[in-house]
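Here are a few exercises to work through with the model open in your viewer. Try each task before you read its solution.

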Amino acid sequence: HAAVDRFLAEHPDQAGDYAAFSRSELGTAWRDALPKYHPGDKALATRQTSELTLNAIARHLPTLIGGSADLTPSNLTEIKGGHDFQKDHYEGRYLRFGVREHGMAAISNGLAAYGGFIPYCGTFLNFIGYAAGAVRLSALAHHGVVYVATHDSIGLGEDGPTHQPIEVPTMLRAMPGMYYIRPADGNETSGAYAVAIERRHGPCVLALSRQALPQL
């Protein structure tokens, strides 16, 4: 605490931000920034509306931090205009977890347990299986992790059975303490993020499509 007190004494302009961080205060600006869609708007995959939502709210949630298990171009989880978190660049908010789904979920649990942060992490829905132990711990320990799980159906392209989530939704729906949300369009994607961001004492899996879906 001495280091924190020294920092706040040297940077009093940031005392309010630190107080909000320590109390996990979200404010309201991020909710106002949630994208809205109308029937007739362009059909988009919910992984695309997820990307739009994530970037819209990130500007108003400085404690939102996360990344993907080596699937950023597919999960569409990158915060635009930001930096990667790495050695000598601790201001970065994007984590390149590599092909480590379990490690990614475990790190996200740690960020949630520390407090203040809003951790999110991305992979294909079927690959949640690789992270299942840590995902289940999120639910058991009431950690507010947002799991961005794209490619939510068998209609996902050329990858075949290894990438097709058949039993995974049933597992997640049956998991005590887990919210499993599969939005049908852009507005439901925004609503799913609203639920997940405000749920600071429990995890959410957002199951998102590869295919374009009409705005309902």
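A polar contact here is a pair of N or O atoms within 3.5 Å; within protein, one must be able to donate a hydrogen and the other to accept it, and residues adjacent in sequence count only if both atoms are side-chain atoms. Keep in mind that this is a predicted model, where local features need pLDDT of at least 70, side-chain atom pairs count only at pLDDT 80 or more, and totals for chains, interfaces and linings use all residues. Residues are numbered from 1 along each chain as its sequence is written, and side-chain values use heavy atoms, with hydrogens and water left out.

**Exercise 1.** Find the side chain that makes a polar contact with D152, and describe the setting of D152.

Solution. 
- Step 1: locate D152 in the loop between β5 and α8.
- Step 2: check its cover. D152 has 7% relative accessibility, so it counts as buried (buried is under 20% relative accessible area, exposed over 50%, partly exposed in between, with a 1.4 Å probe and protein chains only).
- Step 3: pick out the partner. The side chain of D152 meets that of R182 in a polar contact of 2.8 Å.
- Step 4: list the contacts (heavy atoms within 4.5 Å). Beyond four places in sequence, D152 touches residues including L125, P165, L208 and S209.

**Exercise 2.** Work out which backbone atom the side chain of T46 reaches.

Solution. 
- Step 1: T46 sits in helix α4, residues 46-58. Helices (H or I, at least four residues) and strands (E, at least two) are DSSP runs, numbered from the N terminus.
- Step 2: T46 is buried, at a relative accessible area of 1%.
- Step 3: the T46 side chain comes to 2.5 Å from the backbone nitrogen of S209.

**Exercise 3.** Find where two non-glycine residues with positive phi, H142 and H151, are placed.

Solution. 
- Step 1: H142 has phi of about 65° and lies in the loop between α7 (132-141) and β5 (146-150).
- Step 2: H151 has phi near 60° and lies in the loop between β5 and α8 (168-174).
- Step 3: for H151, a relative accessible area of 4% makes it buried.

**Exercise 4.** Is D32 buried or exposed, and what about A196?

Solution. 
- Step 1: D32, in helix α3 (residues 29-32), is exposed, with a relative accessible area of 62%.
- Step 2: A196, in helix α9 (residues 186-198), is buried at 1% relative accessibility.
- Step 3: A196 touches V146, C204 and L206, leaving out residues up to four places away in sequence.
- Step 4: for a sense of distance, D32 and I57 are 25 residues apart in sequence and 8.7 Å apart, C-alpha to C-alpha.

**Exercise 5.** Check the protein's radius of gyration against the rule for a compact globule.

Solution. 
- Step 1: the radius is taken over C-alpha atoms, and the rule is 2.2 Å times the number of residues to the power 0.38.
- Step 2: for 216 residues the rule gives a value near 17 Å; the protein has 17 Å, so the two agree.
- Step 3: The C-alpha trace spans about 55 × 40 × 30 Å along its principal axes.
- Step 4: finish with the make-up. The protein has nine helices and eight strands, and 48% of its 216 residues are buried.
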